[in-house]
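Hi there,

Here is the structure I promised to pass on. Have a look at it first, and my notes on what turned up follow below.

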Amino acid sequence: MSLEHDIEKMVESLGLSLYDTAILNENENTIYRVSVTAKDGVTLDQCVEVTHLISPLLDVTPPMNGEY
């Protein structure tokens, strides 16, 4: 399975949908952005929950080489 698929399953377990993943460069920093959506909108608490849920996965399966 791909990293994006694993992230999608984790996000769906919280009742959200994966909208997009992207690798961006901003102010000399590389960012791995995971965007989620929901029918009634997404709260800040849900964003925090997603972050805590997928963070261990990203520690084991980094989305790219180097720091992000």
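Let me begin with Val36, which sits in strand β2. Helices (H or I, at least four residues) and strands (E, at least two) are DSSP runs, numbered from the N terminus. Before going further, some housekeeping: this is a predicted model, in which local features need pLDDT of at least 70 and side-chain atom pairs count only at pLDDT 80 or more, while totals for chains, interfaces and linings use all residues. Residues are numbered from 1 along each chain as its sequence is written, and side-chain values use heavy atoms, with hydrogens and water left out.

Back to Val36. Leaving aside neighbours within four places in sequence, Val36 is in contact (heavy atoms within 4.5 Å) with Val11, Leu16, Ser17, Tyr19 and Val42. Val36 and Glu4 are 32 residues apart in sequence, and their C-alpha atoms lie 12 Å apart in space.

**The hairpin**

Strand β2 (residues 29–37) pairs with strand β1 (residues 17–26) in the antiparallel sense, over nine bridges. Two strands count as paired if DSSP finds at least two bridges between them. Ser17 has Thr37 in β2 as its bridge partner, and Ile23 has Tyr32 in β2.

The two strands form a hairpin with two residues between them. Asn27 lies in the loop between β1 and β2, and Glu28 is found in that loop as well. Most residues other than glycine have a negative phi. For Asn27, however, phi is positive, near 50°, and for Glu28 phi is positive too, near 65°. The cut-offs are under 20% relative accessible area for buried, over 50% for exposed, and partly exposed in between (1.4 Å probe, protein chains only).

Ile31, also in β2, is partly exposed because its relative accessibility is 26%. Not counting residues up to four places away in sequence, Ile31 touches Ala22, Ile23, Leu24 and Glu26. Ile31 and Glu67 are 36 residues apart in sequence and 8.7 Å apart in space, C-alpha to C-alpha.

**The core**

Which residues make up the largest nonpolar core? There are 12 in all: Leu3, Ile7, Val11, Leu16, Leu18, Tyr32, Val36, Val50, Ile54, Leu57, Leu58 and Met64. The elements giving two or more residues to this core are α1 (3–12), β2 and α2, and α2 gives the most, with four. A nonpolar core here is a set of buried Ala, Val, Leu, Ile, Met, Phe, Trp, Tyr and Cys residues joined through side-chain atoms within 4.5 Å. Beyond four places in sequence, Met64 touches Ile23, Thr30 and Tyr32.

**The pocket**

The largest pocket has a volume of about 210 Å³. Its lining consists of Tyr32, Arg33, Val34, Val36, Cys47, Val50, Thr51, Ile54, Ser55 and Leu58. On a 1 Å grid over the protein atoms alone, a pocket is an open set of points where a 1.4 Å probe fits, with protein on both sides within 12 Å along at least five of seven lines; lining residues have an atom within 4 Å of a point. A volume is the space filled by probe spheres set on the points.

The largest share of this lining, six residues, comes from α2. By class, the lining has seven nonpolar, two polar and one charged residues; Ala, Val, Leu, Ile, Met, Phe, Trp, Tyr, Cys and Pro count as nonpolar, Asp, Glu, Lys and Arg as charged, and the others, Gly among them, as polar.

Best wishes
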